Amino acid sequence: MSQKFLAVGECMVEMAPTGAGTYAMGFAGDTLNTAWYARKCLPADWSVGYCTAVGRDRISDKMLTFLESSGIDTTSVQKRDDRTVGLYMIQLDEGERSFAYWRSQSAARCLASDQALLDRVFGDAGLIYFSGITLAILPPADRQLFLDALRAARGKGAMTAFDPNLRPRLWEDLLTMRACVTAAADLCDFVMPSFEDELAHFSDSDPQASADRYLAAGAGMVVVKNGPEEVICATPAGRQSFRPSPVSGIVDTTAAGDSFNAAFLAEYLVSGDMAGSVRAGAGLAGRVIRHRGALVDCLEAA
C-alpha cells in the first residue's frame, strides 16, 4: 500500500473569532482540517497531500504557502485564472459554532472537471479522504467523474475514507444529497458519520441504525461519532462501542469531527488497532475543542 494520504475538497479563508467583534484570518475547511491533523499524527514516512483548486491571486498564493509550510504536498492543487478561494466566518454561542459562507465562485467547485487529471492525482494514493462537502460543491456531472475516479483508484489498490458531513444547504435538494452520499459509501473502506447529522437528515433512530444503513450501502467499516457519547465501529463481521473520556472546558467545537477522523485513520493505517484508533481520535478531538478555531497545535498536550 502506498504511504500517501490524499485529502480532497475545499480549503477556505477562515475568519475565527478572537474576542468581541474581532477575528483572526486563517485557512481551513473540513477535509483540509483532516489533512492538517493527519500530517501531525502520521509517521514521517507517510506523505500527506491535498487535492483542490485555487485561483492565481495573492490570497490563493498565501493559502498554498500555508499548506506547504504545514508539510502538506500541493502538487495536486489546480490553479485557475477565472476563480479564487472561498471564505467563511465562525460564529460562536457557548462553544457551539455556526458559519456564514462566501463560496459561490470558489475555484474548488471545479476540482473534478477533468477526470484524466483526477485519475493521475489519485493514481499513487494509499488512502483518499473526502467528505459530503467535497461532493456537494461539485456540479452533478463532475460528481460522477469524481466517483468514477474513486472507483478506478480503488481498483488499483487505494483505500478510501468518507465523512458524509451532511450540509443540505450546499445540495440541490435532500433527495439528491441522500442518494449521492449513499452511492459514495459503496466506494469506501471507511465511512465516518456524525450521528447528529444522520439523525437530522436520514432520521436514523440511533447510531446503530446509522451504522447499519452505511454497511448496507457497501461501506467496509463505519465509525459513527456521537459527541461525548459512545463511538460505534461496525464492519460486516461485527461491531464494538467505545466511550470517550469526558472533556471539560469546551471553547469551540469547530473541527471536532475532522480531527477525530485524522487521528483515527492515522492510527488505524499504522496499527490496525480499532480501540487504539478510537482513543487517538477522541483524544485529539477532545484537545482541539478546548481551543478556538479549526487548526490548533495541541498534540503536545497528549
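What follows is a walk from the whole chain down to single residues.

**Before you click**

You are looking at a predicted model, so keep the ground rules in mind: local features need pLDDT of at least 70, side-chain atom pairs count only at pLDDT 80 or more, and totals for chains, interfaces and linings use all residues. Residues are numbered from 1 along each chain as its sequence is written, and side-chain values use heavy atoms, with hydrogens and water left out.

**The whole chain**

Start zoomed out. The chain has 10 helices and 13 strands; these are DSSP runs, numbered from the N terminus, with helices being H or I of at least four residues and strands E of at least two. Along the principal axes, the C-alpha atoms fill a box of roughly 50 × 50 × 40 Å.

How does the radius of gyration agree with that of a compact globule? A compact globule of 302 residues would come out near 19 Å, and the chain has 18 Å, which agrees. (The radius is taken over C-alpha atoms, and the globule rule is 2.2 Å times the number of residues to the power 0.38.)

Of the 302 residues, 54% are buried. Buried means under 20% relative accessible area, exposed means over 50%, and partly exposed is in between (1.4 Å probe, protein chains only).

One more thing about the fold: among contacts between residues at least 6 apart in sequence, 68% join residues at least 24 apart. Contact here means heavy atoms within 4.5 Å.

**Stop one: a pair of helices**

Select 195–202 and 207–217, which are α7 and α8. At what angle do their axes cross? They cross at roughly 75° and come within 10 Å; the axes are lines fitted to C-alpha atoms, for helices over the stretch in contact, and angles run from 0 to 180 degrees between N-to-C directions. That makes α7 roughly perpendicular to α8 (under 35 degrees counts as roughly parallel, over 145 as roughly antiparallel, 65 to 115 as roughly perpendicular and the rest as oblique).

Show side chains for the contact: Phe-195, Glu-198 and Phe-202 come from α7, while Pro-207, Ser-210, Arg-213 and Tyr-214 come from α8. They divide into 4 nonpolar, 1 polar and 2 charged. In this scheme Ala, Val, Leu, Ile, Met, Phe, Trp, Tyr, Cys and Pro are nonpolar, Asp, Glu, Lys and Arg are charged, and the others, Gly among them, are polar.

Between α7 and α8, click Ser-203 in the loop. Ser-203 has a positive phi of about 60° although it is not a glycine, and it is exposed, with a relative accessible area of 60%.

Is Asp-197 buried or exposed? At 14% relative accessibility, Asp-197 counts as buried. Leaving aside neighbours within four places in sequence, its contacts are Asn-165, Leu-166, Arg-167 and Phe-202.

Hop over to Asn-165, in the loop between β9 (159–163) and α6 (174–185). Asn-165 is not a glycine, yet has a positive phi of about 35°. At 9% relative accessibility, Asn-165 counts as buried.

**Stop three: Phe-27 in a strand**

Select β3, residues 22–28, and find Phe-27. Phe-27 counts as buried at 10% relative accessibility. Beyond residues up to four places away in sequence, Phe-27 touches several others, including Cys-11, Val-13, Ile-59, Phe-66 and Leu-295. Then draw a distance from Phe-27 to Asp-273: 246 residues apart in sequence and 32 Å apart in space, C-alpha to C-alpha.

Gly-71 sits in the loop between α2 (58–69) and β5 (77–79). Gly-71 is partly exposed at 41%, and touches Arg-39 and Val-48, not counting residues up to four places away in sequence.

Asp-93 is in strand β6 (residues 87–93) and counts as exposed at 56% relative accessibility.

Finish at Gly-272, in the loop between α9 (256–271) and α10 (274–288). Gly-272 counts as partly exposed at 39% relative accessibility.
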